[in-house]
Amino acid sequence: MGQHRQTEEFTCHCRIYNNGIPHKVARRTKNQHRQLELRLQLLQQNGQSSASQPALGHDDIPSGPSSWYDENNFEDFDNDIDMNATDASDDEDSAQESETDSIENAPFSTFQGLLATEHVAGWRYEDNDEAIDDEEDQEVDDDTESDLDFRAYLEDDFDIEKLKAFASPNSIQVAANNAEYAVHAADNQQWADTLDLFEWKCSNKVSDLAYDKLRTRLEKKGLKIESLRVTRHYLEERLKLRKVRIPCCPKGCMAFFGPGNQLRRRCGYCNAARFREDNGKASLPEFFTAEAEFSDFTPSVYFDYIPLIPRLKLLFAIPSLAKKMCYAADLRKTPSPDVIRDVWDADAMRFWQSKGIGLPTLR
Amino acid sequence: MVYLHSADVGLFQDDRTVALHFSTDGVQLFRNSKTESWPFLLINLNLDPREHRFDAGRRSELNARFKAEHFLSLGLTPGPKQPQDLDSFLQPLYKELKHLEEGRVKAYDVLNNEEFTLKAYVFLITGDTPGVSKLMKLSGHNAKRPCRACKIQGTPHITRVTIKRGNRSGTERNMTQYYYPFSVEVDDDWEDFCSTVRTMVLRDGQGYKEDGQRSQRNPELAKETGVKGTGLLSELQSIIFPESIPFDVMHLIHLSFVRDLMNLISGNYFGESSRHLNQKTALMSAKEWEALGVDMAKIRAPMTLGRKPENIQKYIKSFKAAELDVFLIYYLLPLIRGRVKEDEYIALTRLVFAVHLATDYEVLRTDVSEIQTHLGKFIHWFYKKFYRGDSELLPVCKYTIHGLIHLARNVENWGSASLFWQYPQVPTTSIWLICNRKDCAGS
């Protein structure tokens, strides 16, 4: 077997999809943990470690199962620690929220009734007459957004001023997470060199290890380059390319997200416990009653979701990408009656171009 | 809150409205383990699908829609098992799409230096047949009503099987499998076949939703209707079932149908238990088939056609989808000429021609009817040749051959089949194969 060449996509994806990789890898890292644990126990028996250090049982390894699934454990030399920026901040929000209400559970009104009947038919319609009902609908809609991490994310997004900064001539192109994005670096000159080099690393698929070696060499020559971990953290913040961590079943059956699943204590399909604290407890109720009950618990596995909206915003805020996005509009301006050049010329897209949402009409 | 448009406005009043294509597939990350993981991928339809274009004689690189760096990957289910409840993983995406649909997202446009309301819709959903069945909560490709586009009913085929494992090993039992001829008696006449196809009952969005809701209340109904529930993404207002979910050529034709067809032609289709049936379907002798494989290995193909052609007689099982694609389009006809009868050669030519037209970069509008006719005639020949109304030969009529009949409609709706096949999934999954190699090297 040749030497493994670790590409940037690989690391990016591993970082983001850490719990996707894991079963072999996790086992291996689990073994490493086990070895470490045994070594520590041996040391304790030899009396070399202090008595104040707690003994490490198999179930309470300090980093725990969630970190076995963590991204960086299988990168032997890379000690990056993940920044779960979204993790800690939303516990306060979640505690106040109750179980989600779907539209069906909302108080019944004429408008709701109308909606309900048309919901069966598959299409909903605009109703401008009853403003009060609209307000009600708004409330209902806010309730449905009580999902844990998600509301925090939807609120914490780019504002327009920040987006404008991406277009300034001082911005630097950065290839982060496989796509080019620009970062406005003029406000902070120290990042200019780092981001330039990071862009080179990403576009040429240089491994993390090689990048680090280059970095130390450059530092000897007096050029200060930030470490990968810090750079990534900075970019995550600047580009809002954070992942949303959603607890999910350890066997991958379902994610505990959305109406009906938010308060689950164990998987509805394989009965596996959602939280590490519940491991090994045989009989558990299927649901929690409130979100406050599990605010201290640690989910055993996460499904990492990368939000779409910030990336779509960046597509229009960065000049090079915005130009590419003009393709479809340009194509639509030059209709071709004979040739289907792309999806846009075919019947389905022409239907959507001529008709708004809400069709086909059943009335 | 105004999120419901009145009719006839058109979704693309604003040029910046984004159209997206959702694609998913079950992927084995490690070659020899049973872990399965599902990547979710969005493809940006506002980007140019072509790699490059010639402007004033100079080749200018455009940014391809199908380049990995422009994919919007959303996540990957963690495994190790395949997800039971795919919808719960898609909930965050659904919420974001609803958010966009309602016009709550403000974005900044550099080119015009203005603020605008960003809208984005998912119009296309693709996946392989089991993937789509899971996504849309259909019964699957071996069910009584397997098809997402029509309500064709399978013909049961009962075989005696000896149970190999468990307590009752050694005993025999009946196994029922469904196969899908258009009619139990084969229509000899082309006109009759056309009328059979025309009278097929097609599914529509409303019927799908009603069926789904009915079988959610009473799961026993699911077997009759073929719909177990309504998928989360089908609730998006930009999705019309089944038009928004076209058939994927990579899985439908390249990976399953071409292999089956070659096995039928060479007489290797049936397994040990019914080996005698192979003689009925074979179009050439075993010797000829061997000679065909040797001939194929001698082909000196240009680099652009991918890997060097291998002996298909020996290595058909290890052929990748792209190789089977090239085999079907370029090598099949010259290799088979003179080895089969003239009418069989013509029928295969129809298949190759229709698939070639359907997967070309651009499709002429007049081509669509041509694809329909040629595929129809090929399918008609296929049933006449291999099935012949013989109940023993029923396993020939798999779901894949039925799916071909809907291909022309998909091409009409969405353009060339190469715009919505599943090959874009391959670069995403290849990232995972690097991980695989690392793991192998370690052990």
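Student: Which residues of α6(B) meet B:F378, B:F382 and B:F386 in α12(B)?

Tutor: They are B:F257, B:L261 and B:L264, where contact means that heavy atoms lie within 4.5 Å. The labels come from DSSP runs numbered from the N terminus, a helix being H or I over at least four residues and a strand being E over at least two. In an α-helix there are 3.6 residues a turn, so residues three or four places apart point the same way.

Student: Before we go on, how should I read the numbering and the model?

Tutor: Residues are numbered from 1 along each chain as its sequence is written, while chains are lettered from A and ligands numbered from 1 in the order in which they are written. This is a predicted model, in which local features need pLDDT of at least 70, side-chain atom pairs count only at pLDDT 80 or more, and totals for chains, interfaces and linings use all residues; side-chain values use heavy atoms, with hydrogens and water left out.

Student: Okay, back to the helices: at what angle do α6(B) and α12(B) pack?

Tutor: Helix α6 of chain B, residues 249-266, packs with α12(B) at an angle of about 40°, and their axes are 13 Å apart. That makes α6(B) oblique to α12(B), because under 35 degrees counts as roughly parallel, over 145 as roughly antiparallel, 65 to 115 as roughly perpendicular, and the rest as oblique. The axes are lines fitted to C-alpha atoms, for helices over the stretch in contact, and the angles run from 0 to 180 degrees between N-to-C directions.

Student: And how does α6(B) pack with α10(B)?

Tutor: With helix α10 of chain B, residues 321-336, the angle is about 40° and the axes are 9 Å apart. These two helices are therefore oblique to each other. Their crossing is left-handed, meaning that the near helix is turned anticlockwise from the far one by less than a right angle, whereas clockwise would be right-handed.

Student: What residues make that contact?

Tutor: On the α6(B) side they include B:M250, B:I253 and B:L255, and on the α10(B) side they include B:L324, B:F327 and B:L328.

Student: New topic: how many salt bridges are there over all chains?

Tutor: A search of the whole structure finds 27, a salt bridge being a side-chain nitrogen of Lys or Arg within 4 Å of a carboxyl oxygen of Asp or Glu. One of them joins A:K201 to A:D208, with the closest N and O atoms 3.0 Å apart.

Student: Are A:K201 and A:D208 buried or exposed?

Tutor: A:K201 is buried, with a relative accessible area of 0%, and A:D208 is buried too, at 5%. Buried means under 20% relative accessible area, exposed means over 50%, and partly exposed lies in between, using a 1.4 Å probe and protein chains only.

Student: Which residue forms a salt bridge with B:E224?

Tutor: That is B:K144, with the closest N and O atoms 3.0 Å apart. B:E224 lies in helix α5 (residues 222-225) and B:K144 in the loop between α2 (129-136) and β9 (155-162) of chain B, so the pair ties together parts that are 80 residues apart in sequence. B:E224 counts as partly exposed at 39% relative accessibility, whereas B:K144 counts as buried at 16%.

Student: Which residues are linked in a network of salt bridges?

Tutor: The network links B:D14, B:R16, B:D109 and B:E114.

Student: What is the mean pLDDT of chain A?

Tutor: It is 61, and 47% of the residues in chain A reach 70 or more; pLDDT is the predictor's confidence in each residue, from 0 to 100. Confidence in chain A is lowest in helix α6 (residues 110-121), at a mean of 28, and highest in helix α11 (residues 208-220), at 90. Over residues 1-32 of chain A the pLDDT is below 50, and this stretch has 103 contacts in the model beyond near neighbours in sequence.

Student: How many helices and strands does chain A have?

Tutor: Chain A has 16 helices and five strands, and buried residues make up 51% of its 363 residues.

Student: How many residues of helix α13(A) are buried?

Tutor: Nine of the nine residues of helix α13 (residues 309-317) of chain A are buried, so this helix is largely enclosed by the rest of the structure. Among them are A:R311, A:K313 and A:F316.
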